[in-house]
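Colleague: Hi, I'm new to this one. Could you walk me through it?

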Amino acid sequence: MLSYRHIFHAGNHADVLKHGTLVMLLGHFNKKDKPYTLIDTHAGAGRYDLSDERARKTDEAGSGIRKLLDADNQPENIKNYTDFARNCLAAGFYPGSPEIERSLMRASDCLILCELHNTEIGVLRQNMNLPAAAERTSCRAQIHHRDGFEALRALTPPQIKRGMVFTDPSYEDAAEYDETAEAFAAVHERWPAAVLALWYPLIARRRIECGTMKQKITAAVKSSSVPCGILDAQLLVNTEDSHTETALADAAEDSAPRLYGSGMLIVNFPWKLDEELKAVLPYLAQTLGTDNHGSWSVTV
């Protein structure tokens, strides 16, 4: 949907899970010298100013990345993300997935960023022309103003077949859950060597759609010509019944969050990623949970 703007939610608990997992995944790929391709299907703006009026209106970063940065005794597997985020915030921005990707990828790797929103694409191009947060990198992104799922059909399998798809749709429309399931099933057949990482929201009114989406992806992968492992990790900061639906225009600091948690569904996940997440998620649930209601799960 073209009305979604991530600036309202940048740095929230869902970003912590999403971007923390992304940093772990990139760490796995960077352990080998072989180059890889990464396709980010819903890139957004790439960087976000948390002092922007829209970010301050919801202040979701206050209970997300800022709260995490103030916490002590962080597990090693989350420190790579928090150290990176801290450096970016000191430079005046919160890093979205494109900034993380181009900063941690290498010159030999191929980064493809897709964004359909007519305003966000211009901001993304501008931000990706700025120096990367990690000075050691010289990875340059290919930026496409197109639908990310259409790009997956057109660009896979890529020339460099080792790689990953990173996807975080807006899920504003119920139909996006079906579209996401269809896209993931199709790309697994076309590019079975790829790691497919999907972020999804936990929203009370979309519980059935989300569950059906995950079931369809799992069934398609398990019945494919190249079946593989699937990891499902969740971070909840509150209980499902704590959730209330409020219009974004009415959002206030004391209103209940629209998300009570989120998850990462990862097809063909790297070896021991499940163990890494099991070491990190209890800490995140305790640190970011509301009134001791944080919880987590990792299923393979």
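**Rings, charges and a surface patch**

Modeller: Happy to! Keep in mind that this is a predicted model.

Colleague: Which ring does Tyr171 pair with, at 4.7 Å centre to centre?

Modeller: That is Tyr177; the two form a tilted aromatic pair with 35° between the planes. Tyr177 is buried as well, at a relative accessible area of 1%.

Colleague: And how far apart are the ring centres of Tyr171 and Trp199?

Modeller: Those centres are 6.1 Å apart, and with the planes at 55° the pair counts as tilted. Tyr171 sits in the loop between β6 (163-167) and α8, while Trp199 belongs to strand β7 (residues 195-202), so this pair ties together parts that are 28 residues apart in sequence.

Colleague: Is Trp199 buried or exposed?

Modeller: Trp199 is buried, with a relative accessible area of 8%. Ring pairs link Tyr171, Tyr177 and Trp199 into a cluster, and the structure holds three aromatic pairs.

Colleague: Nice. Switching to charges: how many salt bridges does the structure hold?

Modeller: There are 13 salt bridges. One of them joins the side chains of Lys18 and Asp168, at 2.9 Å from N to O. Lys18 is in helix α1 (residues 13-30) and Asp168 in the loop between β6 and α8, 150 residues apart, and the pair links these distant parts of the chain. Both Lys18 and Asp168 are buried.

Colleague: What about Lys214 and Asp232?

Modeller: Their side chains meet in a salt bridge too, at 2.8 Å from N to O. Lys214 lies in helix α9 (residues 207-222) and Asp232 in strand β8 (residues 230-236), so the bridge ties together parts 18 residues apart in sequence. Lys214 counts as buried at 14% relative accessibility, and Asp232 is buried at 16%. Elsewhere, salt bridges that share partners join Asp15, Lys18 and Asp168 into one network.

Colleague: How accessible are Asp52 and Arg54?

Modeller: Asp52 counts as partly exposed at 22% relative accessibility, and Arg54 is partly exposed at 31%. The side chains of Asp52 and Arg54 meet in a salt bridge of 2.9 Å, N to O.

Colleague: Last topic, the surface. Which residues form the negative patch?

Modeller: Asp147, Glu172, Asp173, Glu179 and Glu182 form it. Glu182 is found in helix α8 (residues 175-190).

Colleague: Why does Glu182 count as exposed?

Modeller: Because its relative accessible area is 56%, and exposed means over 50%.

Terms used
Residues numbered from 1 in each chain as written. Predicted model: local features only at pLDDT ≥ 70, side-chain atom pairs only at ≥ 80, totals over all residues. Heavy atoms only, no water. Patch = residues over 30% accessible without salt bridge, like charges linked within 9 Å, V, L, I, M, F, W, Y side chains within 5 Å. Areas by Shrake-Rupley, 256 points an atom, 1.4 Å probe, with all protein chains shown as cover. Salt bridge = Lys/Arg side-chain N within 4 Å of Asp/Glu carboxyl O. Lys, Arg positive; Asp, Glu negative; His and termini not counted. Charge placed at Lys NZ, Arg CZ, Asp CG, Glu CD. Helix = DSSP H or I, 4+ residues; strand = E, 2+ residues; numbered from the N terminus. Buried < 20%, exposed > 50% of the residue type's maximum accessible area, 1.4 Å probe, protein only. Phe/Tyr/Trp six-rings, centres within 6.5 Å; stacked < 30°, edge-to-face > 60°.
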